[in-house]
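Here is my note on the model you sent. Please read it with the structure open.

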Amino acid sequence: MSRSFNLASRLSLLSHPAGLFAGLVLAALIGVPTALAQFSAPSPGTQVHDATPLKPPAGSRVAIVEFEDMECPDCARANPLLKEAAAKYKIPWVRHDFPLPMHAWSFNAAVNARWFDANKGKAVGDEYRDQVFANQSSIVGIEGLRKFTEKFAADHHIELPFAIDPQGKLNADVKADYSLGQRVGIEHTPTIWVVTSNSKGAPFVEVLDRSRLYQMIDQAIADTASAPKTTVAKAPVKKTAAK
């Protein structure tokens, strides 16, 4: 079981005033990390165990990589800034699902977003994510998410199936993203990096102060100015001998 999943029951103490003192004592004794954005102060930085995902997509020198939870209030606050930055600099914004266990509907929302990605295109899936974040405070429980999703689909003239994920493939994809985040060392949401390819500077830098995001992207672009763009290797074309 992940560290984040183990934290769920411990952190539930903090939601009850009577248990606040006990919860603080327990946190001190067991070493609960201070990183969960909606419960405490931001982490001083993620201890990266596997940096493999922290690189731009092929063909890009600079990108934003984010691990997000669609029910996380701080993710909702970060979302417009990241969207604006990606558009301004015309760089990829790689969004990974990391639904925290204490959030009732975040996992379902991630599955829904992937259904829109797969069936109506990534642009619609990302619009769904953006709209969930924009309306997050009005979505109450899984039933509230269902009603929101049905309205989003109706507004876009999309017919939802009776079962969004009958084979469980999208469910498995969200879990795979969560496992990827665990391998990286994610402990809170959002966790955001500016990542580079063939940079003369740091290959990835965590965004701990969002007011410096543009400055960090400017630096990343400068550090990769002379780097060749990465490309996707193509399979050699087999020539057929003339008869």
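1. Terms and source. Helices (H or I, at least four residues) and strands (E, at least two) are DSSP runs, numbered from the N terminus. The model is predicted: local features need pLDDT of at least 70, side-chain atom pairs count only at pLDDT 80 or more, and totals for chains, interfaces and linings use all residues. Residues are numbered from 1 along each chain as its sequence is written, and side-chain values use heavy atoms, with hydrogens and water left out.

2. Overall build. The protein chain has eight helices and four strands. Their order along the sequence is α-α-β-α-β-α-α-α-α-β-β-α. Of its 243 residues, 42% count as buried (under 20% relative accessible area; exposed is over 50%, partly exposed in between; 1.4 Å probe, protein chains only). Take the contacts (heavy atoms within 4.5 Å) with a separation of 6 or more: 73% of them come from residues 24 or more positions apart.

3. Helix α7. This helix covers residues 169-184, 16 residues in total. The expected span is 1.5 Å times one less than the number of residues. Which residues of α7 are buried? They are L170, V174, D177, Y178, L180, G181 and V184.

4. Packing of α4 on α7. Helix α4 (residues 106-120) packs with α7 at an angle of about 115 degrees, and the axes are 9 Å apart. Axes are lines fitted to C-alpha atoms, for helices over the stretch in contact; angles run from 0 to 180 degrees between N-to-C directions. On the α4 side, F107, A110, V111, R114 and W115 make the contact; they meet L170, N171, D173, V174, K175 and D177 in α7.

5. After α7. G185 comes just after the helix and takes a positive phi of about 120 degrees. Further on, a cis peptide bond joins T189 and P190, with omega about -10 degrees. P190 lies in the loop between α7 and β3 (191-196).

6. Positive phi outside glycine. K90 has phi near 55 degrees. K90 sits in the loop between α3 (73-89) and β2 (93-97), and counts as exposed at 73% relative accessibility. N198 also is not a glycine, with a positive phi of about 55 degrees. Its loop runs between β3 and β4 (204-206).
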